[in-house]
Amino acid sequence: MTSIYPDRETLSRAAANLFAERAVRAVADHGRCAVLLAGGETPRRTYELLAGEPLRGQVPWGGVHLFWGDERSVAPDDPRSNARMVRRALLDRVPVPAGQVHPIPGDCDPRQAADEYEALLRRFFAGAVPRFDLVLLGLGDDGHTASLFPDSPVLEERERWVSATRRGGEEIGRVTLTVPLINRADLVVFLVAGDDKATILREVLEEHPDPRSRPARMIRPEQGEVRWLVDASAARLLRRTNGH
Ligand code: 6PG
């Protein structure tokens, strides 16, 4: 389902409300809410809204467990760090227990970080199906999501939950959750805003390129749902719309 919002602010508000609603539902249903957070710039405002009233007081933070969908292999205080962005926009301002916040290690070899994070996730899910209650994802203008880049070997990964990878031309390494793990989610929400995403959004939603060239098209939860929350600028080239 695609929902179109007039601008980035209303998109962010809708995403923050959806986060709060899913957290309340998951904690009531099974005592916790496992969330996979997106990096990049688009979700920043959503996180800021969650850190302010009324949503801050609505989210059952004591039952929320936060994970990241990917990370750049940089120090925690590096401006490129996804964990740093979330810490400044959200974590420094809400009462989520520190033991329930699980950033991907950035200041070590990405292969070691991937192994450590996979072990952490396997402990967290303790033999049960690794089913995130909510996954937030962004969309790159080349069709990537998390750090699942076009035509990269990690797209073929079927066993591992977390892998080291690299973006072509980038000197730093990256760590990403894999397609099979993300596709176990209950709800995946893509947040896409801005005129520069209009072309890729139409390609991903309305054309049918090879999914390996547009990895966001590989995100199809087996028993879950995908929702696209987009602003009008990003949606301007869509032919089939159900605006909001
Ligand atoms: C990252 C993100 C990445 C991001 C897209 C969109 O680490 O960069 O995981 O997948 O979501 O590149 O980024 P923007 O929201 O900044 O456009």
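This is a predicted model: local features need pLDDT of at least 70, side-chain atom pairs count only at pLDDT 80 or more; totals for chains, interfaces and linings use all residues.
I started with Ala146, which I found in the loop between β6 (134-137) and β7 (162-166). The strands and helices I name are DSSP runs, numbered from the N terminus (E, at least two residues, for strands; H or I, at least four, for helices). Phi of Ala146 is near 50°, a positive value in a residue other than glycine.

Residues are numbered from 1 along each chain as its sequence is written, and side-chain values use heavy atoms, with hydrogens and water left out.

**The ligand**

Which residues are closest to the ligand? I found 15 residues surrounding the ligand, and the closest are Thr42, Asp70, Arg72, Ala146 and Lys197. Here a residue counts as near if one of its heavy atoms lies within 4 Å of the molecule. I sorted this shell into two nonpolar, eight polar and five charged residues; Asp, Glu, Lys and Arg count as charged, and Gly is among the polar ones.

Next I looked up polar contacts (pairs of N or O atoms within 3.5 Å). A backbone N or O atom of Ala146 lies 2.7 Å from an oxygen atom of the ligand. For Asp70, a polar side-chain atom is 2.7 Å from a ligand oxygen, and for Arg72 an N or O atom in the side chain is 2.7 Å from an oxygen of the ligand. Taken alone, the ligand exposes 410 Å², and the protein buries 87% of that (Shrake-Rupley method, 1.4 Å probe).

**Elsewhere**

I then turned to the salt bridges (a side-chain nitrogen of Lys or Arg within 4 Å of a carboxyl oxygen of Asp or Glu). The structure holds 22 of them. In one, the side chains of Glu9 and Arg13 meet at 3.4 Å, N to O. Glu9 and Arg13 are separated by about one helical turn because they are four residues apart in helix α1 (residues 8-30).

Last, I checked Pro54, in the loop between α2 (44-50) and α3 (55-58). The peptide bond from Glu53 to Pro54 is cis, with omega near 5°.

Technical notes: A polar contact is a pair of N or O atoms within 3.5 Å; within protein, one must be able to donate a hydrogen and the other to accept it, and residues adjacent in sequence count only if both atoms are side-chain atoms.
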